[in-house]
Amino acid sequence: MKNEQMALLFSEATPYIQKYHGKTLVIKYGGNAMVNDTLKLAVMNDLVTLTLLGVRVVLVHGGGPAINEMLARVGKESRFVGGLRYTDKETMDIVQQVLAGQVNKDLVALLKGRGVGLCGMDGHMITCHRKTDADLGFVGEIEKVNTALIDHLLDDSFIPVIATVGMDRDGIPYNINADTAAAEIAVALHAEKLVSMTDIAGLLYDKNDETTLIPEVELAEIERYKQEGVIAGGMLPKIEGMADAIRKGVREAVIIDGRVPHSILLEMFSDRGAGTMFYRQD
């Protein structure tokens, strides 16, 4: 890159660096960016860069592919209801082992000493009860997010890396959808921005055609997109969580393409942005 191009990039990024300095960014991390080692390393390097620039970064992760792989090893079929994983007792044991163990610590190891691995059971961070609007087994609905542990880590410039396993008041663990958990954590932290990394360019009008990307969605439009089938399956909890976060005070929420290297930095620090932004008109 020529010096002039580098100078232009820094010039473009400067107002955004100022905007986000000292602010909290919650990133829901999942999809291909989690299973491709090159992309994974790029994402972790980007998070360290954001921290060095004064952004308070919280990483909330899923681990669907790793859970599916472990279930297949024990001969258990993965099952989904309305975009959420059906979680019986045996599946819950595997979710807890894979998410809070293997996946979480693999990510922490890539953060160059900046990451601290947690799950929602640590410090009573995520208190939940059994989700009752559908038969999903040990799938939790969040009652409360206690940010004390997260705040301590952020104040010391660490990156909390949170696996979305919560527990009820009796200490029973529950699987919590990572998109929903990220949104609730963003609300509790009064985050400036919620970013969801996924395997597509953003919300597509035709899921098989990336030229149909919808760059912006006002909250009032969401119900229509649901009725038209544009928002369906795994997109339902993702977008419902983002909409709820905005209603509760998170300023910005965006879905970005985790397959694109450095998509977080492109979204945060450039005029072009990326993916689909959700906003409220007022």
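## Helices, strands and overall shape

The chain has 10 helices and 14 strands. Both kinds of element are DSSP runs, numbered from the N terminus: helices are H or I with at least four residues, and strands are E with at least two. The radius of gyration is 18 Å, close to the 19 Å that the globule rule gives for 282 residues, so the chain is as compact as a globular protein of that length. (That radius is taken over C-alpha atoms, and the rule is 2.2 Å times the number of residues to the power 0.38.) Along the principal axes, the C-alpha atoms fill a box of roughly 60 × 45 × 35 Å.

Keep in mind that this is a predicted model, where local features need pLDDT of at least 70, side-chain atom pairs count only at pLDDT 80 or more, and totals for chains, interfaces and linings use all residues. Residues are numbered from 1 along each chain as its sequence is written, and side-chain values use heavy atoms, with hydrogens and water left out.

## Inside and outside

Buried residues make up 49% of the 282 residues in the chain. Here, buried means under 20% relative accessible area, exposed means over 50%, and partly exposed is in between (1.4 Å probe, protein chains only). The accessible surface comes to about 13200 Å², and 51% of that belongs to carbon and sulfur atoms. These areas come from the Shrake-Rupley method with a 1.4 Å probe; for residues, only the protein chains shown count as cover.

Now for who touches whom: a contact means heavy atoms within 4.5 Å. Take the contacts between residues at least 6 apart in sequence, and 72% of them join residues at least 24 apart.

## Two helices side by side

Two packed helices are described by the angle between their axes and the distance between the axes. Helix α7 (residues 178-188) and helix α9 (residues 235-247) pack at an angle of about 10°, with their axes 8 Å apart. That makes α7 roughly parallel to α9. Angles under 35 degrees count as roughly parallel, over 145 as roughly antiparallel, 65 to 115 as roughly perpendicular and the rest as oblique. The axes are lines fitted to C-alpha atoms, for helices over the stretch in contact, and the angles run from 0 to 180 degrees between N-to-C directions.

On the α7 side you'll find Asp179, Thr180, Ala183, Glu184 and Val187, which meet Pro237, Lys238, Gly241, Met242, Asp244 and Ala245 in α9. By class, this contact has five nonpolar, two polar and four charged residues. Nonpolar covers Ala, Val, Leu, Ile, Met, Phe, Trp, Tyr, Cys and Pro, charged covers Asp, Glu, Lys and Arg, and the others, Gly among them, are polar.

Tyrosine 29 sits in strand β1 (residues 24-29) and counts as buried at 0% relative accessibility. Leaving out residues up to four places away in sequence, tyrosine 29 touches residues including Met34, Leu59, His61 and Met197.

Threonine 198 belongs to strand β11 (residues 193-198), and at 12% relative accessibility threonine 198 is buried. Lys238 and Ile255 are among the residues that threonine 198 touches. Tyrosine 29 and threonine 198 are 169 residues apart in sequence, yet 7.6 Å apart in space, C-alpha to C-alpha.

## Two histidines in loops

Histidine 124, in the loop between β5 (115-119) and β6 (126-130), has a positive phi of about 50° although it is not a glycine. Histidine 190 has a positive phi of about 55°. The loop between α7 and β11 holds histidine 190, which is exposed with a relative accessible area of 71%.
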